[in-house]
Amino acid sequence: MRLCEHRYRTVSSVGGPLMFVDGVFSVRMGEMVRIVYPDGSTAAGEVLKFSGRAVLIQVFGETAGIDLGAEIIFSDTVRRAPLARSMVGRVFNGSFEPIDGLPPFIPEQWGEVNGFPINPTARACPEEFIETGFTAIDTLNTLVKGQKLPIFSCAGLPSQEVAAGILRNARLAGGGEFVVVFVAMGLTYRDYSFYMDVLRKMGTGFVAFVNRADEPVLERLLAPRFGLACAEYLAFVCAMDVLVVVTDITNYCDALREVSTAREELPGRRGYPGYMYSDLASLYERAGRIQGTAGSVTMLPVVTMPEDDITHPIPDLTGYITEGQIVLSRELHQRGVFPPIDVLPSLSRLMQHGIGAGRTREDHRRIADALYRHYAKGRYARGLESVVGREGMIEADRVMLDFADAFEAEVVGQGAARRAIGASLDAGAALLRRFFLEVT
Amino acid sequence: MDGIITGISGSTVTVAISGVKLCDMVLVGHAGLIGEVVRLKGEKAIVQVYENTVGMGVGEPVAGTGRQLTVTLGPGLVSNMYDGLQRPLERVRAAMGPFIRPCRDIPPLESAAEWNFEPDRKNGDEVTAGEVIGRIREGAFVHPVTAPCTGRLAQVHGGICTLAGPVARFADGSGVFARQEWPVRRPRPFRRKLPPVLPLVTGQRVIDFLFPLVRGGTAIFPGGFGTGKTILEQTIAKFADVDLVVYVGCGERGNEMAELLEEFRTLRDQRSGASLMSRTIVVVNTSNMPVAAREASIYTAVTMAEYYRDLGLHVLLLADSISRWGEALREISSSLEEMPGEEGYPTYLSSRLAAFCERAGAVETLNGAIGSLTMILSVSPPGGDFSEPVTQACLRTAGVFLMLDTALAHSRHYPAINWSQSYSLYAAGVTGHFTAQVSPGWGEMQQRCRELLQRESTLREVAEIVGAEGLQDADRLLMMTTERIRSEFLCQNAYSDDAFCPPAQTAARMDAILGFHDGVEAGLGLGLSLENVLANISRST
């Protein structure tokens, strides 16, 4: 601990969000600093690296108006997240400052912003069913408590409405409610007000961390970390079930790329930094359950696939880390199907733990498998149809075509209404019966 | 050998220190975090720290340990879960709760655990370095205790011993311990390598029958996300016909590892009847654990695997996934500001990977026993694009290439191994073994199965144009047979009783399908229509 405050006026260079300070005596990695501008205003910063007496600082906030005479105050502490139960119901910006007009809350505890990895031996397997109210998810790509399941969307698709639908309708199998942690990164005002409207009308508790499109890019990297520190506190200290909605990961990754380029790091695929996998993992892996603790962190990140391309680095790396994905389809959307979920590329890796007798229903697996199998055949038949035409196909294939159409219209395309799991399974089973298809 | 921190960038720390050697392990900062010297430059050393460096300050002390990154080997390794630096995660959890925080070393082997030492030699015996002086039994495994140097034994303590104290002493007072330290990056020695010829039965029909593995071989399976790499790895870990499995979760999901632990504790090994965990060592560095330790994790694992190989056992090392190791290497390389090669990977990626894969093999150990170390590595190519550097580097070293196909996975065909692209360089060698030991028709059936699948793929293109109705009866039969091969033979549900299929059953299944094909074909040869022949068959059964 330092006995007096260290202030320096030795800025040697500034460029973008980065600043070099010379002649610094005592410094720590990740130390928080305050930068006093010539006009008296201040901004926060953080030590990125140091070599001898030269320190590289990353500035959170606007660097316009800064000059080499700016004063840097070193704090001797690293960034921590203030945590308390009274966060629930509040709205913060990306730097964890309240923007809802209410005074700051009193922290009960200070937590690590980046968190610590959960010891794999302490994790409890996610296995409790969450009912989202959407048949395409509940029946075929079941979400369970403690899972991280991203929504892969494309520009112009109603990913917001799907995410909002899940926020409104998600129920725990054993009763009980979710606390929602909502993290917005680089969101437009329109999207932001849409989500805030949904959150305020939900009636359950929520904490929002909002970084809008015109706010500092660096805060996009901080907001999800604060959000998850908050979620971990509510889940593992206060024993709540927390649902974290993070939108939009694409904006986050672009911010990461922007900062990485400013630091003159070697670019990887498409200019994204080589450590993007580890960086994304440091967010996604914070979802989970811990043995002997009641709470849970379930994560629903929203990823907008650039150019509708699932092999783009952002959805690709996300898909490698998360436990499945819900893929939205432009084709279904254009046909007016809501939610436009394409069940073929969608997947929930943890589904088998959350379904069956005692969890959903004994026949869940068989119905899901039969629906999936026949729909896949139907989709294959559609490919044939475009070549040989409906007339040239055998009767069995024609039936499959009709089945696929009916499946999309009736089972997937449920509209905005909520379906309980029983109704979802019944809808699937009824469709199979209508086409005289066996549930085996 | 003490110094101070002068600079930090990410996990790369610059230290003013002298007297350390390259690859030495050092303890960095007040927290004593483990680091490895990666570069020496005058009085400065560049140290790669295996933990997060946030909060570490300039001027903090750095202490040299005088040894390289090592693992501890001895009785008690089995059934444990370690991180990439061989920290026992169960005991880390007991010490600091559910989250892994930076910590000083917790010994990998429980020093208080008691073992029974059965000496071969007695007081006063002259022994030479490397000579076995006794043994310790750990369940099914027998650990020899060897003399570290030549000398005369003064005290031999038979009976109950711990790993903390010596089991014997030399006349000069130095001790013989039941544990040993070994640097992870140095392969353990053996007398000679043997050609790998014995098959390693995985119980997966598509692998055993079409793309067989051998003891001492290497296999890779690359596949995009959602193609079932992890499930295949875990299924093989459960059923493979080996004595010990070392499973490395390298940069993968935490929930997956929790699931694996839970499952392996409850499932029984079908050969011994004991819990699967009693033949498994897990090394795990999940994607959010420090990257440098992820790079080390595969070496930690392979050194433990080699140790058991040296006991004359057949060991299987499964790594999921080697791409994450490659990425860790890339991250470290770029933080050291090295010149990048392809896609930012360091130019030494392929030589490091090849050297790692060469640690697999069937060997005659120093004690004259036969042991083997087989490696199965999964690869996660970005965007499912196999032209990327890690996949290509793996392809040059691996003997078996199992390509996981996204299209197959989407049609829920598991294991999603593409039969036209995959290959096994060991197939020719082990077919003879299966033909002699399992079924005389093995080789011939394998050939026919390949041929049928090959013919089907060309026929399928025709069928897509003319429609299935437009095909000849013989061709429709071919489609029927290959459909059966795909759904009844190549597909195997990892969550059912079918998860393991012994070779004899594999042969019987293929025989039945080919028998059906031959029967119908004979009928067609008599001039009957396909429908008639099928009707006859269903009537007669």
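**Where two chains meet, and what lies beyond**

Let's start with a spot where the two chains join up: strand β5 of chain A and strand β1 of chain B, residues 2–9, pair in the antiparallel sense over three bridges. If you'd like to find that pairing on screen, look for Ser51(A), which stands opposite Gly7(B) in β1(B). Keep in mind that this is a predicted model.

Now zoom out to the whole meeting place of the chains. Here 54 residues of chain A are in contact with 57 residues of chain B. Which parts of chain A supply at least two residues each to the side that touches chain B? They are the strands β5 (42–51), β11 (123–124), β19 (288–290) and β22 (341–348), along with the helices α6 (276–284), α7 (313–321) and α10 (364–388). Of these, α10(A) gives the most, with six residues. As for what this side of chain A is made of, its residues divide into 30 nonpolar, 15 polar and nine charged.

Next, the layout of chain A. The domain assignment gives it domain 1 (6–78), domain 2 (81–353) and domain 3 (364–434). How many Å separate the centres of domain 1 and domain 3 of chain A? Taken over C-alpha atoms, the answer is 60 Å.

Over in chain B, have a look at a pair of helices. Two packed helices are described by the angle between their axes and the distance between the axes. Helix α5 of chain B (residues 291–309) and helix α6 of chain B (residues 322–335) pack at an angle of about 130 degrees, and their axes are 8 Å apart. That angle is why α5(B) and α6(B) count as oblique to each other. The crossing in which α5(B) passes α6(B) is left-handed. On the α5(B) side, the residues that meet α6(B) include Val291(B), Ala292(B) and Ile298(B), and among those they meet in α6(B) are Trp325(B), Ala328(B) and Leu329(B). In this contact of α5(B) with α6(B), seven residues are nonpolar, none are polar and four are charged.

Our last stop is an open sheet in chain B, whose four strands run in the order β10-β13-β15-β16 with antiparallel pairing. One to look up is Val127(B), whose bridge partner in β13(B) is Gly151(B).

Note on methods: Residues are numbered from 1 along each chain as its sequence is written. Chains are lettered from A and ligands numbered from 1 in the order in which they are written. This is a predicted model: local features need pLDDT of at least 70, side-chain atom pairs count only at pLDDT 80 or more; totals for chains, interfaces and linings use all residues. Two residues are in contact if their C-beta atoms, placed from the backbone, lie within 7 Å. Ala, Val, Leu, Ile, Met, Phe, Trp, Tyr, Cys and Pro count as nonpolar, Asp, Glu, Lys and Arg as charged, and the others, Gly among them, as polar. Two strands pair if DSSP finds at least two bridges between them. Domain bounds come from an automatic or database domain assignment. Axes are lines fitted to C-alpha atoms, for helices over the stretch in contact, and angles run from 0 to 180 degrees between N-to-C directions. Angles under 35 degrees count as roughly parallel, over 145 as roughly antiparallel, 65 to 115 as roughly perpendicular and the rest as oblique. A crossing is left-handed if the near helix is turned anticlockwise from the far one by less than a right angle, and right-handed if clockwise.
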